[in-house]
Amino acid sequence: MMLAVDIGNTNIVLGVYRQRELLHHFRLNTARQSTVDEYGVLIHNLFSMSGLSVKDIEGVIISSVVPPLVQVIVEMCVKYIGKDPLLVGPGIKTGLNLRYENPREVGADRIVNAVAAIEQYKCPLVVVDFGTATTFDCIDAGANYLGGAIVPGLGISTEALYQRASKLPRIELEKPKKVIGRNTVHAMQAGIIFGYAGQVEGIVRRIKLEMNAPVLKVIATGGLAPLIAGETDCIDEVNPMLTLEGLRIIYDRNK
């Protein structure tokens with residue numbers, strides 16, 4: 001079996017694979033202050049509750065956008081799983097043709113998503129990842145990674161309203177019944193959810209024009225993808241396991 005670990009700013013997502021089959025997946029809060037031993041105990045507990053054993057893990061692959069946590073998770077893998085993990089970064093074989101000005105600037109999560117999308121869907125396409133930041137990654141008909149756009153995520157946008165506007169409360173990210181809110185909470189939810197859906201539609205429309213690709217498949221992933229995908233017809237499919245699938249593919253290419 002293989003363990004895939006995606007370290008994001010908000011969540012750490014883990015997937016346990018047996019060849020191509022995803023057996024179990026877990027989502028944890030990203031705790032930057034947690035130690036090697038704390039993560040080790042957490043992994044052992046998750047595995048135990050799922051009927052798994054770390055002894056069955058033959059390899060580990062990690063992608064991360066949180067540099068301070070990389071060494072912690074690497075040391076945890078060595079100490080508690082007994083494996084030196086593969087890191088998504090310079091020098092690793094991805095099979096992805098990057099047309100970015102500086103390929104080293106492309107986040108590991110964006111590379112992994114693009115690899116999985118090319119493998120699973122017909123190009124050209126766009127991957128929209130709803131995470132701490134929302135990223136739009138564009139792949140042309142020749143399966144070349146062109147680049148994309150990065151915007152503040154839903155959580156950041158919501159928290160900014162609370163922090164910068166004195167009279168606005170902190171709210172839950174939920175879809176309101178109507179766009180015309182009859183109270184402050186519903187008005188904020190309407191503005192954030194429906195406004196964000198409009199933003200996604202606008203960016204995707206501009207991408208289609210710029211790529212001269214009116215027939216362009218749009219794949220959404222990330223924890224908040226279902227919330228926005230239900231409010232727009234520009235998203236063709238939601239694939240919550242896209243990043244884990246990309247890690248599996250890259251692991252296989254580097255075995």
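Is threonine 243 buried or exposed? At 11% relative accessibility, threonine 243 counts as buried, where buried means under 20% relative accessible area, exposed means over 50%, and partly exposed is in between, using a 1.4 Å probe and protein chains only.

Okay, quick housekeeping. What we have here is a predicted model, where local features need pLDDT of at least 70 and side-chain atom pairs count only at pLDDT 80 or more, while totals for chains, interfaces and linings use all residues. Residues are numbered from 1 along each chain as its sequence is written, and side-chain values use heavy atoms, with hydrogens and water left out.

Back to threonine 243. This residue sits in helix 7; helices are DSSP runs of H or I with at least four residues, strands are runs of E with at least two, and both are numbered from the N terminus. Setting aside residues up to four places away in sequence, threonine 243 touches Asp6, Val112, Asn113 and Asp129, with contact meaning heavy atoms within 4.5 Å.

Now, Asp129 from that list. The UniProt record, an unreviewed entry, puts a "binding site" annotation on Asp129. A caveat on such records: positions are given in the numbering used here, feature names are shortened, and annotations may be inferred rather than shown by experiment. Aspartate 129 lies in strand 7, residues 125–130, and is buried, with a relative accessible area of 10%. Beyond its neighbours within four places in sequence, aspartate 129 is in contact with Asn113, Thr134, Thr135, Thr221, Gly222 and Thr243. And there's a polar contact, at 2.9 Å, between the side chains of aspartate 129 and asparagine 113. A polar contact here is a pair of N or O atoms within 3.5 Å; within protein, one must be able to donate a hydrogen and the other to accept it, and residues adjacent in sequence count only if both atoms are side-chain atoms.

Next, the helix pair. Two packed helices are described by the angle between their axes and the distance between the axes. For helix 3 (residues 108–120) and helix 7 (residues 242–254), the axes come within 7 Å and cross at roughly 85°. That makes helix 3 roughly perpendicular to helix 7. The cut-offs: under 35 degrees is roughly parallel, over 145 roughly antiparallel, 65 to 115 roughly perpendicular, and the rest oblique. Axes are lines fitted to C-alpha atoms, for helices over the stretch in contact, and angles run from 0 to 180 degrees between N-to-C directions.

Who makes that contact? On the helix 3 side we have Val112, Asn113, Val115, Ala116, Ala117, Glu119 and Gln120, and on the helix 7 side, Leu242, Thr243, Glu245, Gly246, Leu247, Ile249, Ile250 and Arg253. By class, the contact has 8 nonpolar, 4 polar and 3 charged residues, counting Ala, Val, Leu, Ile, Met, Phe, Trp, Tyr, Cys and Pro as nonpolar, Asp, Glu, Lys and Arg as charged, and the others, Gly among them, as polar.

Staying on helix 3: aspartate 109 is there too, and UniProt, again in an unreviewed entry, lists Asp109 under "active site". Aspartate 109 counts as buried at 18% relative accessibility.

Then a few backbone things to check. The peptide bond from cysteine 123 to proline 124 is cis, with omega near 5°, and proline 124 is in the loop between helix 3 and strand 7. Alanine 143 has a phi near 65°, positive in a residue other than glycine. That alanine 143 is in the loop between strand 8 (133–139) and strand 9 (144–152), and is partly exposed at 25% relative accessibility. Asparagine 212 also isn't a glycine, and its phi is positive at about 55°. Asparagine 212 is in the loop between helix 5 and strand 10 (217–221), and counts as exposed at 66% relative accessibility.

Last stop, arginine 20. Where is arginine 20? In the loop between strand 2 (11–18) and strand 3 (21–29), exposed at 60% relative accessibility. Leaving out neighbours within four places in sequence, arginine 20 is in contact with Glu245 and Arg248.
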